[in-house]
Amino acid sequence: MYKLLLCLRYLRRQRLAYLAAAGVALCVFMMLVAVSVMNGFLHKVEKAAKGLHGDIIIEPNGLRGLKFYDKLAERVVAEVDAVQHASPFILSYGILRVPGQDHYRQTVQIAGIRLPDRAKVSNFEQGLFVQRDWPEPTFSPPHKDMQKRAAEHRELVTAIIEREKAGRNFADLPADKQTLVDRLETARSFLLKGWANLENADTNAKLLAELEAQLAAADAEGRDSPYLEARIQELEMRTVEPWPNHVILGLGMEGMGFRTDQGETVRVLGPGNKVTLYVFPLGRHTLTDMSPNIQRFTIVDDCSTDVYSFDSQTVYVPFDALQRLNNMGPVPRADGTVAPALCSMVHVKVDEAFADWRAVRAVRDEVRRVVADFYEPAQAKNINVLTWREKQDKLVSSIESQRMLVMIMFGILSLVSVLLVFVIFYMVVAQKTRDIGVLKSLGASGNGVAAIFLAFGAVIGLVGAIVGAIGGCLFIHNINAVHDALYNWLGFRVWSRESFFFDRIPNEIDVSVVSLVVGGAIVAAVVGALAPAIRAARMEPVEALRYE
Amino acid sequence: MSKPAIQTHELHKSYRLGKTTLQVLRGVSFRVAAGEFVAIVGASGSGKSTLLHLVGLLDRPDKGRVVLDGVKTDKLSAGRRNRLRCEDVGFVFQFYHLLGELKVMENVLLPAQVDTSILAWPKRRTERRARAAEILDGLGLGERLRHRPSELSGGERQRVAIARALMNQPKILLADEPTGNLDSKTGSQIMDVLKRFHTDAGQTIVMVTHDVALAESADRVLHLRDGQLTDA
């Protein structure tokens, strides 16, 4: 009984104990934050990689393209039980321009996808702006939904302008605020234009048809009509492009949007605005024929996969549109047959039950078998079947080794807490030498005395770990707010989205990590207390009583 | 003749001091009958405390044997010695040796807690507390139960230490210069307390002191000189 009593009393009366607990808390805090951020980072990369490619990728060597993809997808789904869905995908490259903005050009990756199929192989719909979480997103969402979002976003931009101006005239603002307000005003006017394009879609389309008919008539009569041509050109900037010329932009593309100090995302171009894509066809053309295919698109939505490096340079267009622009469509041959259409790769979605990467590997082998069976041997040998993990191996394994490095570094740092507890307990035992002598003179055993100090250590570990865990969880939960506050205060960013792929610092809290770290801290504190406790246990009562 | 409370046979004890060996006890034999109050007088450094520690099982002799209430203690395991010390021996030290973190009541309860497991404690708690309160009340400390040792005077602290030593109703009370740290008035009050326990409850007491006058109040006085015990 005396062990518990003394342990509690020492805890209450020994200031040094708080220092030890604080040390443990600090180590738990550091460890938790480091591991959670790294883990969250890894999970985000995994999720993003899966979101991008599905669980398994079937792709040919080089850029030659994959034929009979729909039949192959059907076969894979039919023959491999674990496969839920398979969908063809085209990846190409091009330049994005904004009509009327001559200075703007941006190199982009163009992803040709099928909607709503895409939502079945990845969590594409979760990152959409207009169609967020719609079970069946499309490239032609209803105009009223696009307009609603465009209008809402314009209101947000207006509110930010008001906030930044804070009642001052534009001329009275500091230079950096002026630049910001200028950008916001540009965004607002573009958003309004996009909204108006959607609002007047029918009228504009009708007018355009009329003008084109007039132009055709004039052409037929051999008349020059520069006025008509100019009007048509001007009107084409405002019409809504017919299917399939609809594009979903990646959120965060240079110049298409930006982020305020307060963390709001401002879109400069939104639903209803138009862009032009210059696609360099990867299809059947020889290297000498690489002139781009040019097509105007209407923006219908935007999408964030959370991977900054991907979002900032990817646009999504309908599979058929890109197939055509990429010269991958079916081509009649001279002998009357037709060369089959091509895609870049097929993405395969595996049942959640097989989501573990080891299980995915087994599924991959089955898919491989189907592919080998499907194509002729000569073709099949040029086709790779990879899991998402293999596809992203370089990235994922480099992050994994970074995580290991961070864990080792912080693990070594955490030895400090063991050392701290050791030193403090050594001092406490020295201070309490006479008490130990008294206890032994009262008949307490060596083990009993050791138990007091071990329990003391465990409680210190527990208290420190709980405090550190609560602090760590709160910190991780609010890590982005803290980061923004630091940026506003000190003016520099620790987490730059350019170098870490993601916009926001991952803030996942994994219960198993928390319990592991907490458990580790308690064990560390007990280990730190062990040597002093043994010293106390071995102390000769007479020596201890004589101690001054 | 009944079993003596304490019997020692040829106790030898030496300490190493650097390269030399200091022979403190050179064959000390004595008996203390149950209910007897014995004072051992000696100059400081004569080995009085060492003798007391050997008798109280806090230390082991180099040679010789301590028999407590008929139990030969030299062959006992550490656990048995701990139990014996807890149940049969009470110590009073010159410097009180109270635990500063504990209140008066808790200090006195400590031997009872050492004797009782955490599971058995709740059952015995009330009875033990009652006994502690009774002893403290008898020593005039009834109002001081919730004070810490640092809030008490020297005399009060020593009375708390006596209460603690008597908590488990030990067969033997060993007092090591119990008044050594007190002024003569308070010292004689402490002596009165010891005498009272001796006469009223028949408590066996062995007290060591350098103060011959103080020793006079004992039934019997032994002198420790040159590592040997003599009657005069």
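This passage describes the two chains of a predicted model, their contact and several local features.

The model is predicted, so local features are limited to pLDDT of at least 70 and side-chain atom pairs to pLDDT 80 or more, while totals for chains, interfaces and linings use all residues. Residues are numbered from 1 along each chain as its sequence is written, chains are lettered from A and ligands numbered from 1 in the order in which they are written, and side-chain values use heavy atoms, without hydrogens and water.

Chain A contains 20 helices and 15 strands. These elements are DSSP runs, numbered from the N terminus: helices are H or I with at least four residues, strands are E with at least two. The radius of gyration of chain A is 33 Å, whereas a compact globule of 548 residues would have a value near 24 Å. This radius is taken over C-alpha atoms, and the globule rule is 2.2 Å times the number of residues to the power 0.38. Along the principal axes, the C-alpha atoms of chain A fill a box of roughly 125 × 70 × 40 Å. One pair illustrates the extent of chain A: A:Lys3 and A:Val338 are 335 residues apart in sequence, and their C-alpha atoms are 89 Å apart in space.

Of the 548 residues of chain A, 48% are buried. Buried means under 20% relative accessible area, exposed means over 50%, and partly exposed lies in between (1.4 Å probe, protein chains only). The accessible surface of chain A is about 26,000 Å², and carbon and sulfur atoms hold 58% of it. Accessible areas come from the Shrake-Rupley method with a 1.4 Å probe; for residues, only the protein chains shown count as cover. Among contacts in chain A with a separation of 6 or more, 77% join residues 24 or more positions apart. A contact requires heavy atoms within 4.5 Å. Chain A carries 60 positive and 61 negative charges, and their mean positions lie 9 Å apart. Lys and Arg count as positive, Asp and Glu as negative; His and the chain ends are not counted. Each charge is placed at NZ of Lys, CZ of Arg, CG of Asp or CD of Glu.

Chain B has seven helices and 10 strands. The C-alpha box of chain B, taken along the principal axes, is roughly 45 × 45 × 40 Å. Buried residues form 54% of chain B. Chain B exposes about 10,400 Å², with 48% supplied by carbon and sulfur atoms. Residues 24 or more positions apart give 71% of the chain B contacts with a separation of 6 or more. The 35 positive and 27 negative charges of chain B have mean positions 6 Å apart.

The contact between the chains involves 25 residues of chain A and 26 residues of chain B. About 2,400 Å² is buried between them, 62% of it from carbon and sulfur atoms. On the chain B side, B:His97, B:Glu101 and B:Val114 lose the most area to chain A, together 26% of what that side buries. Buried area is the accessible area (1.4 Å probe) that two parts lose on being put together, summed over both.

Local features follow. In chain A, the peptide bond from A:Leu115 to A:Pro116 is cis, with omega near 0°. A:Pro116 sits in the loop between strand 4 (101–113) and helix 4 (117–121). A cis bond also joins A:Trp243 and A:Pro244, with omega about 0°. A:Pro244 belongs to the loop between helix 8 (226–236) and strand 5 (246–250).

Helix 15 of chain A (residues 433–441) has eight of its nine residues buried, so it is largely enclosed by the rest of the structure. Its buried residues include A:Asp435 and A:Lys440. Just after this helix, A:Gly443 takes a positive phi of about 105°. A:Lys3 lies in helix 1 (residues 2–13) and is partly exposed at 35% relative accessible area. Beyond its neighbours within four places in sequence, A:Lys3 contacts A:Gly448, A:Ala451 and A:Ile452.

In chain B, B:Tyr96 is not a glycine, yet has a positive phi of about 60°. B:Tyr96 lies in the loop between strand 6 (89–92) and helix 3 (104–115). B:Tyr96 is buried, at 8% relative accessibility. B:Gln169 also has a positive phi, near 45°. The loop between helix 5 (154–166) and strand 7 (172–176) holds B:Gln169. B:Gln169 is exposed, with a relative accessible area of 52%.
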